[in-house]
Amino acid sequence: PVWGTLIGLQVRERAEIGIMSQPYTRERFWATPDGAFGDGPQGEKRLRVRDIGALSGATLFSSAPELFKGGLKDRFQSLVDQVRLTRFGADCYAFAMLAAGHVDICVEPGLQPYDIVALTPIVEQAGGVITTFSGDRPENGGDVVAAATPALHEAALRILNG
């Protein structure tokens, strides 16, 4: 029930516009240079991330723990051990929930550009931070972390990179 349809537009290799449709929940999330927005059963609203402060208060989402291999598996577990709550399986919906202020960190290894281009402007226009684990722009995919605040993003990257 949490699959979504993603449509993204890049301008000069940078994600500028994104749409994520969540048909099962009858929700749609989108971003333009004017901001990030959501629409669903409760009406249309502007999206904004939340600031819960430290990792110890954060809710972390990822698709599945089995996606983390080798040393990354141990580092991901270290991050899990430091957050308040970890949930799995929401896929692209988790990034929209981050932008809407319901989730604090999303970690996904091995993404393709089609997995992340649409979600990048939604997270960024809602005030969040999204990069690869090396701190690069995420449009080309790879191992991606999104966080509601720069402080959470930096803390997650520190742990994930050892």
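Is L9 buried, partly exposed or exposed?

1. L9 counts as partly exposed, because its relative accessibility is 42% (buried is under 20% relative accessible area, exposed over 50%, partly exposed in between, with a 1.4 Å probe and protein chains only). The model is predicted: local features need pLDDT of at least 70, side-chain atom pairs count only at pLDDT 80 or more, and totals for chains, interfaces and linings use all residues. Residues are numbered from 1 along each chain as its sequence is written, and side-chain values use heavy atoms, with hydrogens and water left out.

2. L9 belongs to strand 1 (residues 5-11); strands (E, at least two residues) and helices (H or I, at least four) are DSSP runs numbered from the N terminus.

3. R12 has a positive phi near 50° and is not a glycine. R12 sits in the loop between strand 1 and strand 2 (14-22) and is exposed, at 77% relative accessible area.

4. R26, also a non-glycine residue, has a positive phi of about 60°. Its place is the loop between strand 2 and strand 3 (27-32), and R26 counts as exposed at 63% relative accessibility.

5. An open sheet of 5 strands has the order 7-6-8-10-9 with mixed pairing; two strands pair if DSSP finds at least two bridges between them. Strand 7 (85-88) and strand 9 (129-132) are at the edges with a single partner strand each, so one side of each has no neighbour in the sheet.

6. Strand 8 (residues 105-111) pairs with strand 10 (residues 142-147) in the antiparallel sense over 5 bridges. L111 has G142 in strand 10 as its bridge partner.
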